[in-house]
Amino acid sequence: MGANNAAPVVIKRKKVVAGGGHHGGAWKVAYADFVTAMMAFFLLMWLLNATTEKQRKGLADHFSPSIPINRSSGGGDGALGGDSIFTEETLSQSGVGATSPEAFSEPNPDENGGSGESEQARFEEIEAILFGRGAEALLSETELRHIVTRISDEGLVVEIFSLEDAPIFTPGSDAPTPLLTSILDAVGILFDLATNEVASTGFSRAHAVVLEDDPAWPRSLARANLAKARLEERIDPERLSRVTGHADRRPVVSNPMALRNDRLELTLLRSDLRN
């Protein structure tokens with residue numbers, strides 16, 4: 001055979017695409033950030049569902065403090081940053097706040113303008129200590145659900161009220177339950193941090209029938225006097241300037257016979273309202 005009859009030579013060229021090689025670890029960092037963000041998100045959702053409104057406000061104040069509860073960085077975990085309210089009776093003052101009425105007294109308005117702002121800050125601080133914002137609470141969560149506070153033109157108002165499953169008075173009387181006794185002791189401790197006068201006001205729920213002698217009036221006054229007597233064990237009796245009973249005249253819920261209307265209001269009065 002001649003050379004021209006030889007089989008042709010076929011050359012195949014393969015196109016090699018460089019892929020699937022090493023791309024670095026940037027994707028791992030991005031994935032880790034994503035997983036961390038998801039964990040933080042679900043933790044936030046859990047906290048919102050598992051905490052009360054007051055607890056959420058306490059958490060918010062912890063990360064963005066607006067009230068200086070404890071300016072020292074000590075390791076105490078109590079409501080007063082590791083100090084007892086009786087610290088000044090045994091130890092020198094720490095220089096970060098007062099724990100006795102004498103050191104916690106209000107500036108003289110004639111000597112220092114803006115004493116109203118100082119008093120407002122004091123009310124806010126006492127309110128914060130009561131609910132344990134940024135520190136351990138003086139009362140348990142079960143006891144705190146019976147308390148609401150507000151700062152009004154009259155002063156710091158601490159309202160203590162009954163719930164359907166947990167009354168603060170023995171039904172149909174002015175006798176306190178152990179729950180109320182514990183709350184009044186804590187309020188007395190906090191009110192002892194100031195020198196302002198105190199007002200005690202009692203309320204009673206309405207009755208289903210109209211009686212010739214409505215027991216709501218004497219009962220509400222007896223409850224106010226009960227709170228006064230309990231506070232006098234913690235603060236100077238001269239500071240108790242007003243005791244009143246309002247019977248069922250100012251219900252806080254639409255149903256005047258609801259147990260929620262059995263309540264007390266203890267007010268730390270502003271200095272310009274002194275008798």
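Colleague: In what sense do S1 and S2 pair, and over how many bridges?

Modeller: Strands of a sheet pair through backbone hydrogen bonds, either parallel or antiparallel. Here S1 and S2 run antiparallel, paired over five bridges; two strands pair if DSSP finds at least two bridges between them. Thr149, for instance, stands opposite Val158 in S2. The labels are DSSP runs numbered from the N terminus: helices (H or I) have at least four residues, strands (E) at least two.

Colleague: What should I know about the model before going on?

Modeller: It is predicted, so local features need pLDDT of at least 70 and side-chain atom pairs pLDDT 80 or more, while totals for chains, interfaces and linings use all residues. Residues count from 1 along each chain as its sequence is written, and side-chain values use heavy atoms, leaving out hydrogens and water.

Colleague: In what order do the strands of the open sheet lie?

Modeller: The five strands go S1-S2-S5-S3-S4, with mixed pairing. S1 and S4 are at the edges with a single partner strand each, so one side of each has no neighbour in the sheet. On average, neighbouring strands are turned by 15 degrees against each other, direction ignored. (Axes are lines fitted to C-alpha atoms, for helices over the stretch in contact; angles run from 0 to 180 degrees between N-to-C directions.)

Colleague: Which strands does H6 lie across?

Modeller: H6 lies across S1, S2, S3 (198–203) and S5, at about 5 degrees to S5. Helix H7 (residues 216–231) also packs on the sheet and touches S3, S4 and S5, contact meaning heavy atoms within 4.5 Å. The direction of H7 makes about 155 degrees with that of S4.

Colleague: Now the charges: how many salt bridges are there?

Modeller: The count is 12, a salt bridge being a side-chain nitrogen of Lys or Arg within 4 Å of a carboxyl oxygen of Asp or Glu. One of them joins Glu154 and Arg242, with the closest N and O atoms 2.5 Å apart. Glu154 is in the loop between S1 and S2 and Arg242 in strand S4 (residues 240–245), so this pair ties together parts 88 residues apart in sequence.

Colleague: Are Glu159 and Arg263 buried or exposed?

Modeller: Both are buried; that means under 20% relative accessible area, with exposed over 50% and partly exposed in between (1.4 Å probe, protein chains only). They form a salt bridge too, the closest N and O atoms being 3.9 Å apart. Glu159 is in strand S2 and Arg263 in strand S5 (residues 263–269), 104 residues apart.

Colleague: Over which ring does the charged end of Arg260 sit?

Modeller: Over that of Phe161, 3.6 Å from its centre. The rule asks for NZ of Lys or CZ of Arg within 6 Å of the ring centre and within 35 degrees of the ring normal. Likewise, Arg223 has its charged end over the ring of Phe169, 4.1 Å from the centre.

Colleague: And how many aromatic pairs does a search of the whole structure find?

Modeller: One. Rings of Phe, Tyr and Trp (its six-membered ring) pair if their centres lie within 6.5 Å; planes under 30 degrees apart are stacked, over 60 edge-to-face, the rest tilted. Phe41 and Phe42 form the edge-to-face pair, 5.5 Å centre to centre with 70 degrees between the planes. Phe41 is partly exposed at 41% relative accessibility, whereas Phe42 is exposed at 52%.
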